[in-house]
Amino acid sequence: MPHFTNAPNDKKLLLASPRGFCRGVKGALDAFERALNEYSAPIYVLYELVHNRFVSGEMLRKGAVFVQSPEEVPEGAVLLFGAHGVGEELFRRAEARHLHVIDATCPLVKRLHRAAAELSGEDDLVIFGHRSHHETAGVVAHSNAGRTFVISSAEEIRTLPELRHPLLLTQTTLSYHEAERIAQELKMRFPDLRLPGGVCNASLQRQKAIEETAAKAELVLIIGSTHSSNANRLREAAERMRAKALLIETIAELPEDALLGISRIGLSAGASTPDELISEAVRKLNSLGYRSGPEAV
Ligand code: SF4
């Protein structure tokens with residue numbers, strides 16, 4: 001563990017980089033803004049466009065209506081599918097209602113859809129993901145494999161039967177450590193396992209950055225929503241480095257006593273956290289005497 005002092009003039013703010021919006025989230029939000037300009041409100045959005053309550057609140061204010069199924073949308077209206085992607089069946093249901101669909105699925109999630117769809121009945125697909133996450137459900141829905149299994153932990157590997165021509169796909173926002181462990185253990189059990197890739201590069205880079213930052217910090221703040229998979233993985237990555245870590249929606253949620261005796265604070269944000277919430281946190285911490293480098297805003 002590094003040595004920390006509590007001298008008041010030694011307060012440091014360590015900004016993890018990269019942090020905040022990934023390209024997939026930016027693309028989905030741009031698609032929403034374009035839809036507003038082209039068709040005007042309301043724009044119906046399936047589930048949540050991205051997992052951030054602040055972003056969803058702003059979208060509601062601008063004219064988004066969040067729905068849980070295409071059947072809730074009036075015939076002929078505009079329906080946006082978010083960054084996490086959906087199965088073909090949802091496109092068909094939207095078409096049956098003559099909806100104008102805008103597909104803002106992240107291209108990296110689409111890659112998983114294609115890999116799952118290219119399988120045949122002779123193959124088995126294993127997905128490392130959270131069963132309740134829309135991204136995992138979307139990949140399952142695209143699978144043409146003979147059998148598709150979802151596992152959420154390495155412990156579940158032993159519950160799998162013998163597999164034929166197995167392929168492993170990973171939910172893009174999970175822990176890269178856990179994804180590597182699962183890939184290795186599955187490969188040991190099924191030597192012919194095909195591994196087209198693990199978590200997405202945006203998740204990988206953000207997790208590595210927070211590990212580096214957390215190694216030098218006593219407390220790490222992650223700005224993001226508690227239901228955001230990637231923000232939770234950032235908190236866990238910081239904890240793995242033995243830093244205390246808090247996941248908070250905005251800096252206003254920071255408990256008053258959290259900074260007592262803390263000299264070095266690390267800061268990062270989930271891939272669906274907007275820049276303004278990060279800037280607000282930096283300004284607040286600066287005002288409390290935590291000085292960052294030239295990146296400070
Ligand atoms: S986290 Fe990765 S896969 Fe998910 S939207 Fe962002 S870039 Fe795309």
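## Ile251 and its contacts

Ile251 touches Glu280, Ala281 and Lys284, leaving aside residues up to four places away in sequence. Contact here means that two C-beta atoms, placed from the backbone, lie within 7 Å. The structure is a predicted model: local features need pLDDT of at least 70, side-chain atom pairs count only at pLDDT 80 or more, and totals for chains, interfaces and linings use all residues. Residues are numbered from 1 along each chain as its sequence is written.

Ile251 sits in the loop between strand E10 (244-248) and strand E11 (264-269). Helices (H or I, at least four residues) and strands (E, at least two) are DSSP runs, numbered from the N terminus. The scale is simple: buried needs 20 or more other C-beta atoms within 10 Å of a residue's own, exposed 12 or fewer, and partly exposed falls in between, with C-beta atoms placed from the backbone. Pro74 is 177 residues from Ile251 in sequence, and the two C-alpha atoms are 39 Å apart in space.

## Ligand shell

The shell around the ligand has 15 residues, of which Cys22, Gly24, Cys106, Thr172 and Cys200 come nearest. A residue is near a molecule if its C-beta atom, placed from the backbone, lies within 6 Å of it. The shell residues divide into 9 nonpolar, 5 polar and 1 charged. Ala, Val, Leu, Ile, Met, Phe, Trp, Tyr, Cys and Pro count as nonpolar; Asp, Glu, Lys and Arg count as charged; the others, Gly among them, count as polar.

Three helices each supply at least two shell residues: H1 (23-39), H4 (107-117) and H7 (201-214). Which helix gives the most? H1 does, with 3 residues.

## Helix H1

H1 has 17 residues. From first C-alpha to last, H1 reaches 24 Å, close to the 24 Å expected at 1.5 Å a residue. The expected span is 1.5 Å times one less than the number of residues.

The buried residues of H1 are Gly24, Val25, Ala28, Leu29, Ala31, Phe32 and Ala35. Seen down the axis of H1, they fall within an arc of 150°, so they line one face of the helix. The arc is that of the directions from the helix axis to the C-beta atoms. On the other side, Asp30, Glu33, Asn37 and Glu38 are exposed. The buried residues of H1 pack against several elements, including strand E2 (43-46), helix H2 (53-62), strand E3 (64-67) and H4. Ser40 follows H1, and its phi is positive, near 65°.

## Domains

The domain assignment gives domain 1 (8-21 + 201-287), domain 2 (23-106) and domain 3 (108-189). Such bounds come from an automatic or database domain assignment. Taken over C-alpha atoms, the centres of domain 1 and domain 2 are separated by 29 Å. Their contact takes 12 residues from domain 1 and 9 residues from domain 2. On the domain 1 side, the residues divide into 5 nonpolar, 6 polar and 1 charged.

Asp10 lies in the segment before strand E1 (12-15). Asp10 counts as exposed because 12 C-beta neighbours lie inside 10 Å. Arg291 is 281 residues from Asp10 along the chain, yet their C-alpha atoms are separated by 8.6 Å.

Pro191 is in the loop between helix H6 (176-189) and H7. With 7 other C-beta atoms within 10 Å, Pro191 is exposed. Pro166 is 25 residues from Pro191 along the chain, and 9.4 Å separate their C-alpha atoms.
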